[in-house]
Amino acid sequence: GTYPVGLQFDFYHAQTHHGDITTFLRRHLHCIKHIQASSCPDRTEPCNELGGDLNFDFLFKCLDTELKYSHFVGLEYKPTHRNDTSKGLRFDKDWFTRWNVIGNNSGDCKQADPKESDENDTATLVLKKALQIVER
């Protein structure tokens with residue numbers, strides 16, 4: 001039989017040690033089940049707004065449209081704003097809306113203006129969405 005085992009691919013370490021992330025992803029996507037994102041070289045929020053070595057718009061477009069990556073993406077980074085993690089997640093295109101976790105009254109997840117959402121409600125929706133994915 002097959003085993004539900006896969007590799008974790010870390011943008012930061014891949015860029016630091018090898019570079020050319022997209023070539024590696026194209027060659028090895030069949031065994032990658034989790035991607036970990038952060039900026040390089042500072043390991044801050046994965047975004048273009050702060051500068052760094054990686055073009056996240058390009059990388060995420062490659063994952064979404066070219067490679068059709070359908071597994072997990074997680075974040076491991078040092079927040080730029082030590083006491084306000086959500087502020088850092090709102091850089092670039094806003095992580096909350098990128099992953100469709102801004103809620104409406106029905107409890108479903110949809111894209112919306114993040115400034116109109118209460119961040120505790122948003123965090124609850126992120127958790128609910130993650131649990132839905134795990135339960136599948």
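Figure 1. The model is predicted: local features need pLDDT of at least 70, side-chain atom pairs count only at pLDDT 80 or more, and totals for chains, interfaces and linings use all residues. Residues are numbered from 1 along each chain as its sequence is written, and side-chain values use heavy atoms, with hydrogens and water left out. Ser39 belongs to the loop between β2 and α3; helices (H or I, at least four residues) and strands (E, at least two) are DSSP runs, numbered from the N terminus. The side chain of Ser39 reaches the backbone oxygen of Glu45 at 2.5 Å. This is listed as a polar contact, a pair of N or O atoms within 3.5 Å; within protein, one must be able to donate a hydrogen and the other to accept it, and residues adjacent in sequence count only if both atoms are side-chain atoms. Not counting residues up to four places away in sequence, Ser39 touches Tyr12, Thr44, Glu45, Pro46, Cys47, Gly51 and Phe56, where contact means heavy atoms within 4.5 Å.

**Figure 2. Backbone features of the loops.** The peptide bond from Cys40 to Pro41 is cis, with omega near 20°, and Pro41 lies in the loop between β2 and α3. Arg43 is also found in the loop between β2 and α3. Although Arg43 is not a glycine, its phi is positive, about 55°. Arg43 is buried, with a relative accessible area of 13%. In the loop between α1 and α2, Asp20 is a residue other than glycine with a positive phi, near 50°.

Figure 3. Three strands form an open sheet in the order β1-β2-β3, with parallel pairing. Its edge strands, β1 (7–10) and β3 (72–75), each pair on one side only. Neighbouring strands of the sheet are turned by 25° against each other on average, direction ignored. Helix α2 (residues 21–28) packs on the sheet and touches β1 and β2, and its direction makes about 165° with that of β2. For such values, axes are lines fitted to C-alpha atoms, for helices over the stretch in contact, and angles run from 0 to 180 degrees between N-to-C directions. Strand β2 (residues 32–37) pairs with β3 in the parallel sense over four bridges; two strands pair if DSSP finds at least two bridges between them. His34 stands opposite Phe72 in β3.

Figure 4. Rings of Phe, Tyr and Trp (its six-membered ring) pair if their centres lie within 6.5 Å; planes under 30 degrees apart count as stacked, over 60 as edge-to-face and the rest as tilted. By this rule the count comes to five aromatic pairs. The rings of Phe9 and Phe24 are stacked, because their centres are 5.2 Å apart and their planes stand at 15°. This pair links distant parts of the chain, with Phe9 in strand β1 and Phe24 in helix α2, 15 residues apart. Phe9 is buried, with a relative accessible area of 6%, whereas Phe24 is partly exposed at 38%. The rings of Phe11 and Phe60 have their centres 6.3 Å apart and their planes at 40°, so this pair is tilted. Phe11 in helix α1 (residues 11–17) and Phe60 in helix α3 (residues 56–66) are 49 residues apart, and their pair likewise links distant parts of the chain. Both Phe11 and Phe60 are buried. Ring pairs link Phe9, Phe11, Phe24, Phe56 and Phe60 into a cluster.

**Figure 5. Helix α3, its buried face and its ends.** Phe56, Leu59, Phe60, Cys62 and Leu63 are the buried residues of α3. Seen down the axis of α3, these residues fall within an arc of 150°, so they line one face of the helix; the arc is that of the directions from the helix axis to the C-beta atoms. At the start of α3, a side-chain oxygen of Asn55 reaches to within 3.2 Å of the backbone nitrogen of Asp57. Lys68, which follows α3, has a positive phi, near 55°.

Definitions and conventions: Buried means under 20% relative accessible area, exposed over 50%, partly exposed in between (1.4 Å probe, protein chains only).
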